[in-house]
Amino acid sequence: MNCVLAIDIGGTKLAAALVDEEGSILRSATRPTPRTEVMSALAALIAEVTEGGPAPEAVGIGCAGPLDLASGTVSPVNMPSWRGFPLRDEVQQLTGLPTVLAGDAQCFALGEHWLGAGRGCASLLGIVVSTGIGGGLVINGAPLLGPTGNAGHVGHMSIDPYGERCECGGRGCVERYASGPNMVRWALENGWSPTADTAGQDAAPRTEPAPHAEPTVQTEQPVRANDALHTEGPLRGGANSPGGSDHVDQGRSNQGEQGGVDHGDQGGVDHGDQSGGGHGEQGAGGHGDKEPGGEGPGDRVIGDREIGDGEAEGGGTGLRAVGSVPGSAAVTGGERADARALARDAAAGHPIAVAAFDRGTRALAGMIASTAAGVELTTVVIGGGVSAAGEVLFGPLERALDDVAGLAFVRAVQVKQSTLGVRAGLAGAANLAWQALRPAT
Ligand SMILES: [Zn+2]
């Protein structure tokens with residue numbers, strides 16, 4: 001059987017899979033990202049997933065950034081032992097196969113374009129909203145990576161040239177307004193404190209991630225083509241989820257390692273401590289039109305994805321990114337002041353929490369409209385930990401976009417929620433490899 005080896009490398013988890021041309025996973029395995037000797041762990045993972053299976057024809061790798069495609073090197077923010085690490089050459093030598101590399105958010109976009117919410121669309125922007133904000137572009141079916149692999153860095157597009165200074169050195173970056181930690185920071189500065197979570201505590205126990213625990217490998221057995229897989233699920237997703245801003249349950253089959261997409265740190269973690277200038281408009285209450293614990297995108301999904309328990313690519317802790325809110329109490333009144341609590345309070349109509357999401361989504365809308373105007377996007381797919389907030393994020397985003405976007409082709413852009421979830425990165429890595437083997441003509 002024809003297949004490629006897809007690899008997804010993040011700050012807390014390494015994942016690998018054999019994927020066929022239709023996007024079905026033949027075998028897969030994951031293990032925690034060790035603090036050191038990452039390449040040894042990756043080699044063991046590759047052996048685990050390939051031994052006894054069909055021989056892959058090529059390798060596609062999605063890796064947390066920064067990376068340099070010209071040299072094939074990576075320096076993931078949360079993997080300090082890899083600085084300028086020649087990942088592409090190492091994997092190529094290890095496997096003896098053609099090996100292609102891209103950023104993890106770029107692979108997210110490519111995966112969603114191939115098999116997910118953006119299937120078949122002409123031009124797609126994938127956005128990962130979690131601790132940071134990452135992105136990737138797929139234009140005419142092909143990834144737009146850029147000469148060094150940094151295209152799609154939408155988290156650091158400026159939506160306000162007079163805005164707050166960003167940790168990247170720029171000013172008014174989207175990430176400064178819309179990442180989980182920054183929304184939390186702004187809310188705390190404006191008087192928010194999390195209300196008691198009376199519903200979700202038991203349902204969503206807050207287990208801390210154990211990224212450096214003893215490796216546990218799960219090797220999937222071969223399955224029938226297109227069949228659902230035991231834990232991972234088929235890469236091809238969304239057959240029952242036609243897209244739109246509907247809320248697709250990506251997390252129900254989570255087993256620990258599937259903790260949310262969270263490829264967030266593409267754009268650099270924004271742990272800055274500058275006090276926020278307020279562009280937010282408070283008092284816009286009444287967006288709490290979906291209670292946590294509702295039919296899918298509510299607390300359950302957030303809890304399932306328990307952002308940061310697994311998939312914190314590049315350190316993204318998404319909705320639970322509380323530790324990165326400098327100068328503010330991690331625990332306020334006994335409740336963790338994290339993006340998960342903020343989303344819960346916004347859903348309940350807490351005015352400051354609602355205003356924080358309004359402010360963040362207005363920044364996202366500005367970026368989306370600008371990108372759409374620049375490259376004529378047809379589709380935007382949003383994943384990452386914060387996207388698990390569902391309507392709390394997508395409702396105000398659609399309203400903001402309606403206000404911000406002007407030209408007809410900009411207004412026509414469709415914003416959808418990720419349907420692949422944590423599998424998007426692997427799907428994109430596989431598609432990257434297939435595109436290298438069989439370039440579109
Ligand atoms: Zn920036």
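Q: Among contacts between residues at least 6 apart in sequence, what share joins residues at least 24 apart?
A: Start with the kind of model: this one is predicted. Then look at which parts of the chain meet. Here 76% of those contacts join residues at least 24 apart in sequence.

Q: How many helices and strands does the protein have?
A: Count each kind of element along the chain. This protein has twelve helices and 14 strands.

Q: What percentage of the residues count as buried?
A: Burial is judged by counting neighbours: 20 or more other C-beta atoms within 10 Å make a residue buried. Of the 441 residues here, 59% count as buried.

Q: Is helix 12 mostly covered or mostly uncovered?
A: Apply the burial count residue by residue. Helix 12 is mostly covered, with eleven of its 14 residues buried. Among them are L426, N431 and W434.

Q: What length does helix 12 reach?
A: Compare the end-to-end reach with the expected one. Helix 12, residues 424–437, reaches 20 Å from first C-alpha to last, close to the 20 Å expected.

Q: At what angle do helix 9 and helix 10 pack?
A: Take the two axes. They make an angle of about 50° and lie 8 Å apart. The two helices are therefore oblique to each other. Their crossing is right-handed.

Q: Which residues of helix 9 and helix 10 meet?
A: List each side. Helix 9 brings residues including F357, L364 and I368, and helix 10 brings residues including L393, L397 and L401. The contact residues divide into twelve nonpolar, two polar and two charged.

Terms used
Residues numbered from 1 in each chain as written. Predicted model: local features only at pLDDT ≥ 70, side-chain atom pairs only at ≥ 80, totals over all residues. Axes fitted to C-alpha atoms, helices over the stretch in contact; angles between N-to-C directions. Helix = DSSP H or I, 4+ residues; strand = E, 2+ residues; numbered from the N terminus. Parallel < 35°, antiparallel > 145°, perpendicular 65-115°, else oblique. Left-handed = near helix turned anticlockwise from the far one by under 90°. Contact = placed C-beta atoms within 7 Å. Nonpolar A, V, L, I, M, F, W, Y, C, P; charged D, E, K, R; others polar. Buried ≥ 20, exposed ≤ 12 C-beta atoms within 10 Å, placed from the backbone. Expected span 1.5 Å × (residues − 1).
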